[in-house]
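Open the model in your viewer and keep the selection tool ready. The tour goes stop by stop.

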Amino acid sequence: MNYAWEAALAADRCKVAREDVRYVPVRNGSPYTEIAQESLNNRDIDEGWVEINPLYRFSKEFSAMFDMDLEAYGKARALFFDVFMQYLIQIDLRQSLSRQEYALRFLLEELGQGVWGSRAARGIDYVKRHELRPLLCLIVKLHRCGCSIHLFREAMRLMYPDSLVYAGTESVRQVLVYVGVKETEEGRQRLTFLRDMFLPVYCEAWLFWEHHFGIIDVEETMELDETVLF
């Protein structure tokens, strides 16, 4: 890591709240990196604090405040520096955000606050971090084009790569979903979230978790002890 904003992203990966990370001015930091650490290849937050060279990018602003000979008001200066870095990092991370990125962040905030309903607020907690952004993109696309089985199929493939989605032959309002994993409480919550987000209210979804339903003349689906009758 080099810049302070990389420490914030590392906190995200380690599931540490960004506001819980403390930024401490270092007295003898490297003049070539903003973050002072023993290993330049370290990508994680090992402690609840990060040492920062205050003069790396802001020597003009901090040279007097963090003079090596200045010892007075040490706690006050450290507190001010931490507040400053927390604010600065948020600016750094937002500089490259596009209009779509802001839309995704507002959507995620609304989901977490229950604007889309309590079930959606619970369901979003079961979405894994690497799935979150592409899933939010699909939800935004959904509200531009309306309800779509195709987008539901994309969301299923994102969260369950081996899943298959079929349109029912008996009714246009019926969808058959082979999930491809063992049924769990977490899985049920995730599937409830996907159904609520992408499928119209009148659509009935049949879920097949670990075993596929049998299809005549398709040998892969007709194996003994691995077929569900439907």
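Is Asn2 buried, partly exposed or exposed? Its relative accessible area is 21%, so Asn2 is partly exposed. Keep in mind throughout that this is a predicted model.

**Stop 1: the start of the chain**

Select Asn2, in the segment before H1. Show the surroundings of Asn2 next. Leaving out residues up to four places away in sequence, Asn2 touches Tyr32, Thr33, Glu34, Ile35 and Tyr56.

**Stop 2**

Go to Arg18. This residue sits in the loop between helix H1 (4-13) and strand E1 (22-25). Draw the line from its side chain to that of Asp12: a polar contact of 2.6 Å joins them. Then display the other partners. Beyond neighbours within four places in sequence, Arg18 is in contact with Ala8, Leu9, Asp12, Gln86, Gln90 and Leu93.

**Stop 2: aromatic rings**

Select the aromatic side chains. How many aromatic pairs does the structure hold? There are 10. Start with Tyr3 and Trp5. Their ring centres lie 6.3 Å apart and their planes meet at 10 degrees; stacking requires under 30 degrees, so this pair is stacked. Tyr3 has 28% relative accessibility and counts as partly exposed. Trp5, at 31%, is partly exposed too.

Move to Phe62 and Phe66. This aromatic pair is edge-to-face, with 5.4 Å from centre to centre and 70 degrees between the planes. Colour by accessibility here. Phe62 is buried at 3% relative accessibility, and Phe66 is buried at 14%. Together with Phe62 and Phe66, they form one aromatic cluster.

**Stop 3: the cores**

Select Leu135, Phe152, Phe193, Leu194 and Phe198. Of the 33 residues in the largest nonpolar core, these touch the most other members. Which elements give two or more residues to this core? They are helix H4 (99-113), helix H6 (129-145), helix H7 (149-159), strand E4 (174-178) and helix H8 (185-198). H6 supplies the largest share, 8 residues.

Centre on Phe193. Setting aside neighbours within four places in sequence, its contacts are Leu111, Ala120, Gly123, Ile124, Val127, Leu135 and Ile139. Now jump to the second core. This one is separate, has 19 residues and includes Ala7, Ala10, Val50 and Leu93. Leu93 was also among the contacts of Arg18.

**Stop 4: along H8**

**Stop 5: cysteines**

Finish with Cys137 and Cys203. Are they buried or exposed? Cys137 has a relative accessible area of 18%, under the 20% cut-off, so this residue is buried. Cys203 is buried as well, at 14% relative accessibility. Look for disulfides and you will find 0 in the structure.

Conventions:
Residues are numbered from 1 along each chain as its sequence is written. This is a predicted model: local features need pLDDT of at least 70, side-chain atom pairs count only at pLDDT 80 or more; totals for chains, interfaces and linings use all residues. Side-chain values use heavy atoms; hydrogens and water are left out. Rings of Phe, Tyr and Trp (its six-membered ring) pair if their centres lie within 6.5 Å; planes under 30 degrees apart count as stacked, over 60 as edge-to-face and the rest as tilted. Buried means under 20% relative accessible area, exposed over 50%, partly exposed in between (1.4 Å probe, protein chains only). A disulfide is a pair of cysteine sulfur atoms within 2.5 Å. Helices (H or I, at least four residues) and strands (E, at least two) are DSSP runs, numbered from the N terminus. A polar contact is a pair of N or O atoms within 3.5 Å; within protein, one must be able to donate a hydrogen and the other to accept it, and residues adjacent in sequence count only if both atoms are side-chain atoms. Contact means heavy atoms within 4.5 Å. A nonpolar core is a set of buried Ala, Val, Leu, Ile, Met, Phe, Trp, Tyr and Cys residues joined through side-chain atoms within 4.5 Å.
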